[in-house]
Amino acid sequence: MAVGEKWGDGPERREKRWRALDGFDARDRPSRSTLVALVLASVTLITLDHAGGILDPARDVVGEALGPAEQFTNGVVQPFASVPRYFRTKGSLEDEVGALEDENSQLRQQLATAGYDRNRLREYDKLSQSAAAQGHTIVAAHVIGHGAAQAFSQTVTIDAGTTDGVHADLTVVSDDGLVGRVVAATRKTATVLLLLDRDSVVGGRLGSSMELGFLQGRGQFGGDPTLDMKLVDAAVVANEGDSVLTFGSEDGAPYIAGVPIGTVRAVFSSPRETSRRVEITPFVDFTSLDLVGVVVPTGSTTDRALVDPRKDER
Amino acid sequence: MSLFRGVIAVLALLVAVVLQVSLFPHLTWRGVVPDLALLVVVAAALTRGPQYAAVLGFAAGLLLDLAPPADHYVGRWALALVIVGHVAGRMRMPGQGGQGAQPSASMVVAAVAACSFLGNSVFALGGLILQDPAVPVAEMLEVILVALVWDVLLTPFIVPPLMYLFRRLEPARSAYA
């Protein structure tokens, strides 16, 4: 028998054990057939379960029977399992509270600025799209200050200066249309004269008839900003809803051509002056001005975001 | 009397399985729980021999396969524990007085370690072959070794009482041995 051979440590001992273990061996012999039967049974079960679904009732039965016992044990054990948590030190808890508070405020801040960031991103997108459409190189800049009312001029400060290629007499646009022009620039900032200022005069062209005119601001900032347009040809009739674009200047300074300015809101005839006064509503919402673009000469170098349409073509 | 013995053995198995699935998940070491059912089968094998242990192993494995958190193919633990029962039964020291001999402590620990490795390996290999679930071999080996350490650690508290129990339940054999 295999048992005897496996455990044998010498012929004489084996001989002795053969006799001593006769009964043991006789009872052990069926073990082999039992083993084969049980292994086959296991393999059969695996095959049946692999085939799928057949053993689910058995699973259900055992689950129904053992489930309550497991639940009971779990219920008994649960309170003890949580005991180690009672013994955490006050220091570690304080550390944890501090860390969580930090994280909380950080998340709060993220939440608070999410809308702002999204809007800024959208503005960048639109600005770069319009720059690409018009074929100009644009330096992106943010409005960082508004001129006080005491100055009686409508100006804003932007955070781009001569180091970014910005200098006086450059067109400033936003994603909606014309904003104004740069009147002065320092190394890091520049002052922009808005369209709304009384001193701002922009050459415009009616989109439908290509007639020329000059737009002048009224010096009002809030409320309902309006530009007055005087047409060169007094005989021309502007239609309400007509859009007005810049007709541009020589070398694109201070205004480049083809930037949308606004729409015609109303037309007044003045028999005494034998001219027509056209009121224009600018496209740009000046009170919420944030991201603007300065149209810089081609070939400008800067370390900030430069939207250059020709770069895409290359 | 024979029925009573069977009931006691099944009861021990049930307790082992319930503890294994609901008590020890609170005390896991790297997610591994000790194989209490396997310890019961080994204890039975060391006192009652391979045949009894194989049958008990089949029952224990079936219970493990069907008890609620299990979602593997039914029969995988049964196969593993049948083999464990048989092998552990063969590990008794037949040369020194047959089934009546008390195995030494080191012998018991060695048997548990070998059986734990064997049982978990057979179970894991079954999963490997059946792709149920497909786990890399290195991960399997780590789990098997952690389980081995668990089983050996719990052996002194579980196996000797169970062996005493099974010896007490054993029908008197001295009459015809």
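Modeller: Happy to! Let's start with D224(A), which is partly exposed because its relative accessibility is 49%. Please keep in mind that this is a predicted model. The side chain of D224(A) meets that of R265(A) in a salt bridge, with 3.3 Å from N to O. D224(A) sits in the loop between strand 7 (212-217) and strand 8 (227-231) of chain A, while R265(A) belongs to strand 10 (residues 260-270) of chain A, so the bridge ties together parts that are 41 residues apart in sequence. R265(A) is partly exposed as well, with a relative accessible area of 29%.

Over all chains, a search of the whole structure finds seven salt bridges. Another one joins D49(A) to R59(A), whose closest N and O atoms are 2.7 Å apart. This pair links distant parts of the chain, as D49(A) is in helix 4 of chain A and R59(A) is in helix 5 of chain A, ten residues apart. D49(A) counts as buried because its relative accessibility is 7%, and R59(A) counts as buried at 18%; the cut-off for buried is under 20%. R59(A) has a further salt bridge, to D56(A), at 3.9 Å from N to O. Those two are three residues apart in helix 5 of chain A, so about one helical turn separates them. D56(A) is partly exposed, with a relative accessible area of 36%.

Now for the nonpolar surroundings. The largest nonpolar core has 62 residues, and L81(B) and F166(B) have the most contacts inside it. Helix 4 (30-51) and helix 5 (56-81) of chain A are among the elements that give two or more residues to this core, and so are several helices of chain B, including helix 2 (36-48) and helix 6 (137-169). Helix 2 of chain B gives the most, with eleven residues. Leaving aside residues up to four places away in sequence, L81(B) touches A37(B), L38(B), V41(B), G57(B), A60(B), G61(B) and L64(B). There is also a second, separate core of 46 residues, which includes V139(A), I256(A), V264(A) and V295(A).

Finally, chain B carries a nonpolar patch on the surface, formed by F117(B), L125(B), L128(B), I129(B), V137(B), L141(B) and L145(B), with about 640 Å² of accessible area together. Helix 5 of chain B supplies the largest share of the patch, four residues. L125(B) is found in that helix and counts as partly exposed at 47% relative accessibility.

Definitions and conventions:
Residues are numbered from 1 along each chain as its sequence is written. Chains are lettered from A and ligands numbered from 1 in the order in which they are written. This is a predicted model: local features need pLDDT of at least 70, side-chain atom pairs count only at pLDDT 80 or more; totals for chains, interfaces and linings use all residues. Side-chain values use heavy atoms; hydrogens and water are left out. A nonpolar core is a set of buried Ala, Val, Leu, Ile, Met, Phe, Trp, Tyr and Cys residues joined through side-chain atoms within 4.5 Å. Buried means under 20% relative accessible area, exposed over 50%, partly exposed in between (1.4 Å probe, protein chains only). Contact means heavy atoms within 4.5 Å. Patches are made of residues with over 30% relative accessible area and no salt bridge: like charges are joined within 9 Å, nonpolar side chains (Val, Leu, Ile, Met, Phe, Trp, Tyr) within 5 Å. Accessible areas come from the Shrake-Rupley method with a 1.4 Å probe; for residues, only the protein chains shown count as cover. A salt bridge is a side-chain nitrogen of Lys or Arg within 4 Å of a carboxyl oxygen of Asp or Glu.
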